[in-house]
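Here is a short briefing for a first look at a protein model. Keep the sequence and the 3D view side by side as you read.

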Amino acid sequence: MASSVDLRFGVALRELRQQCGLSLRSLGQLAHRSKSHLHELETGLKAPTVDTARHLDRILDAGGELARLVDAPIDHAAEAGELRARVAASDVSGDVVDRIEQGIDDLASSYPTMAPADLLPLVRRHLAYVGRLLDGRITLAQRRRLLVAGGWLAVLRATVHIDLRQRHAAAAHLQAARDLAEHAEHAEIQAWCLETRAWDMLTQGDYRRALDLSHQAQRVAPKGSSARIQATAQEARAWARMGDVGATRRVLDRVERLTANLPVPERAEHHYRYDPAKAAAYTATTLAWAGDPGAEQVARSVLADLDPDGDGGVRPRRSASARLDLGLALVAAGQPDEAVVLGTQAVASGRVVPSNWWRAAELLAKVEQTGVPEAATLRDLCTEYAPGRRPPADSTAG
C-alpha cells in the first residue's frame, strides 16, 4: 500500500476511464472491482496498490501510466518550490502597478472638471491596459491590485456613461466593477457601485429604488469610508425628491455627524474621496429639492464660495449645479426673476452634463409656471444647449 494518497492518480484514472467511454460500474465489471472501490480511488479516499494500478493500466490500455504514478514518490519539496516560483513570477515591472494606481487617481480627480466625452476615452485606455496585464504573468499581490484598479476604473467609466445618458453601457460596466470588486473582496468599490446606481435611479425619477440602493450601499460600505458618507447623502436626496422634509433633515444630520471631524483629503477633487467642503453643496441641493425654506441661504453661501468672481471658479461644473440649486430655492421663495438669471448662467456655461440636464429642465418648468416673461430667455438657452445639440465651441472652457 502506498504511504500517502497521490491525488494525481484519481484524476488520471477518471480521465482514462472517460476516454474509454466507461462508467464506474462498467469499469468495475471489466476489472472485477466494486464501483465503490473505484470511486474511492478516483476521489482520493483510498490509495491504490501497485498491483491494482498495473491491473487498471491493462484494462484501460494506459501503457503503465497509472503504475508510474504509484511507483514514483511525490517530490513535495519540488512541487512546493514550483508553487513559490509561480507566486513570485511576473512579467510586470515593480512600478507599473504604482503608475496605474496613480493614473486612476488622476482620472478620478479630473472627473469634476473634464467633459464626460473627453474623459471617457482616457478611462477606456486605462481599462484596456489593466485587462492586458491581467492576462499576463503576474504575482498574486499584483493580481489583486490590478483587480482593484480595474474595479475603480469600471465604476468610473459607468459614471461617465451615466453622465452621457448611455445607460446600457453604464449598466454593463457597473456589473464589471461589481465582479472585479467581488473577486478582490473590496467592499468600498462594491458600495460605490450601489451608490452610483442609486444616483442613476434618482436622475431617472425612480426615488424609491434610489432610496433602497442607498441603504444597500451604506450596509456594504466600510465604516468611515467616503462611500458610506456619499451613500448617506444620496439617501437624503431620495427623501427630498419624495417630499419628506422631516426624513431629509434627519439624514442630513447624519451626514453632518459623519463629516464633522473629517479632514480634507489630499486630492479634494477626487471623485471617490469625500471632501467635507462638498457637504454644504449637497445640503443646498437636497434642501432645494425638498422645498425647504432653509435652502436659499445655504445655496447662496455655497455659490459665493465656489464662484466668488462670477466666472465659474475653479469648479465650473459644481458652480453650474449650485446656480440651479439656488434657482430652485428662489422660485420656491417667490423670486423667479433672479432664478431665471441663475438658470441662464448655469445653462450657458455648458457645464450641465446630460445626466444632470433634468435639473435645468425642472428649473425651467417652475419659472414658466410663475408666468415671468424672462422665462422665454431660459427656454431658448435650454433648447440651444440641450443634450444632443452641438454647443458653442467655447462652452466647455474653464
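The points below go from the overall form to single residues.

This is a predicted model. The protein has 20 helices and zero strands. Its radius of gyration is 31 Å, well over the 21 Å that the globule rule gives for 398 residues, so the protein is more spread out than a compact globule.

**Overall form**

- Along the principal axes, the C-alpha atoms fill a box of roughly 100 × 45 × 40 Å.
- Of the 398 residues, 49% count as buried.
- The protein exposes about 19600 Å². Carbon and sulfur atoms supply 51% of that area.
- Take the contacts between residues at least 6 apart in sequence: 63% of them join residues at least 24 apart.

**Nonpolar cores**

- The largest nonpolar core has 57 residues. Those with the most contacts inside it are Trp289, Val347, Trp357, Leu363, Val367 and Leu378.
- Helix α17, residues 316–332, gives the most to this core, with eight residues.
- A second, separate core has 39 residues. Ala108, Leu133, Leu146 and Ala191 are among them.
- What does leucine 378 touch, leaving aside its neighbours within four places in sequence? Its contacts are Val340, Gly343, Thr344, Val347, Leu364 and Val367.
- Glycine 334 sits in the loop between α17 and α18 (336–348). This glycine counts as exposed, because its relative accessibility is 56%.

- Helix α4 spans residues 50–60. Its buried residues are Thr52, Ala53, His55, Leu56, Asp57 and Leu60.
- In an α-helix there are 3.6 residues a turn, so residues three or four places apart point the same way.
- The cover over the buried residues of α4 includes α1 (7–19), α2 (24–31), α3 (35–43) and α5 (65–71).
- Aspartate 61 follows α4 and has a positive phi, near 55°.

**Aromatic pairs**

- How many aromatic pairs does the structure hold? There are four.
- One of them joins tryptophan 192 and tyrosine 272. This pair is edge-to-face, with 4.9 Å centre to centre and 80° between the planes.
- Tryptophan 192 lies in helix α11, and tyrosine 272 in the loop between α14 (245–259) and α15 (278–290), so the pair ties together parts that are 80 residues apart in sequence.
- Another pair, tyrosine 274 with tyrosine 282, is stacked. The centres are 6.0 Å apart and the planes 25° apart.
- Tyrosine 274 is buried at 5% relative accessibility. Tyrosine 282 has 17%, which also counts as buried, because the cut-off for buried is under 20%.
- Trp152, Trp192 and Tyr272 form one aromatic cluster.

**Arginines over rings**

- Arginine 241 lies over the face of tryptophan 289, at 5.0 Å from the ring centre. Tryptophan 289 is also one of the residues with the most contacts inside the largest nonpolar core.
- Arginine 317 lies over the face of tyrosine 111, at 4.9 Å from the ring centre.

**Threonine 159**

- Threonine 159 is placed in helix α9. This threonine is buried, with a relative accessible area of 6%.
- Not counting residues up to four places away in sequence, threonine 159 touches Tyr111, Thr196, His271 and Tyr272. Tyr272 belongs to the aromatic cluster as well, and Tyr111 carries arginine 317 over its face.

**Positive phi in loops**

- Arginine 165 is not a glycine, yet its phi is positive, about 60°. The residue is in the loop between α9 (140–163) and α10 (167–184).
- Arginine 165 counts as partly exposed because its relative accessibility is 45%.
- Glutamate 185 has a positive phi near 55°, and this residue too is other than glycine. Its place is the loop between α10 and α11 (187–204).
- Glutamate 185 counts as exposed, with 69% relative accessibility.

How values were computed: Residues numbered from 1 in each chain as written. Predicted model: local features only at pLDDT ≥ 70, side-chain atom pairs only at ≥ 80, totals over all residues. Heavy atoms only, no water. Buried < 20%, exposed > 50% of the residue type's maximum accessible area, 1.4 Å probe, protein only. Helix = DSSP H or I, 4+ residues; strand = E, 2+ residues; numbered from the N terminus. Contact = heavy atoms within 4.5 Å. Core = buried A, V, L, I, M, F, W, Y, C linked by side-chain atoms within 4.5 Å. Phe/Tyr/Trp six-rings, centres within 6.5 Å; stacked < 30°, edge-to-face > 60°. Lys NZ or Arg CZ within 6 Å of the ring centre and 35° of its normal. Rg over C-alpha atoms; globule rule 2.2 N^0.38 Å. Areas by Shrake-Rupley, 256 points an atom, 1.4 Å probe, with all protein chains shown as cover.
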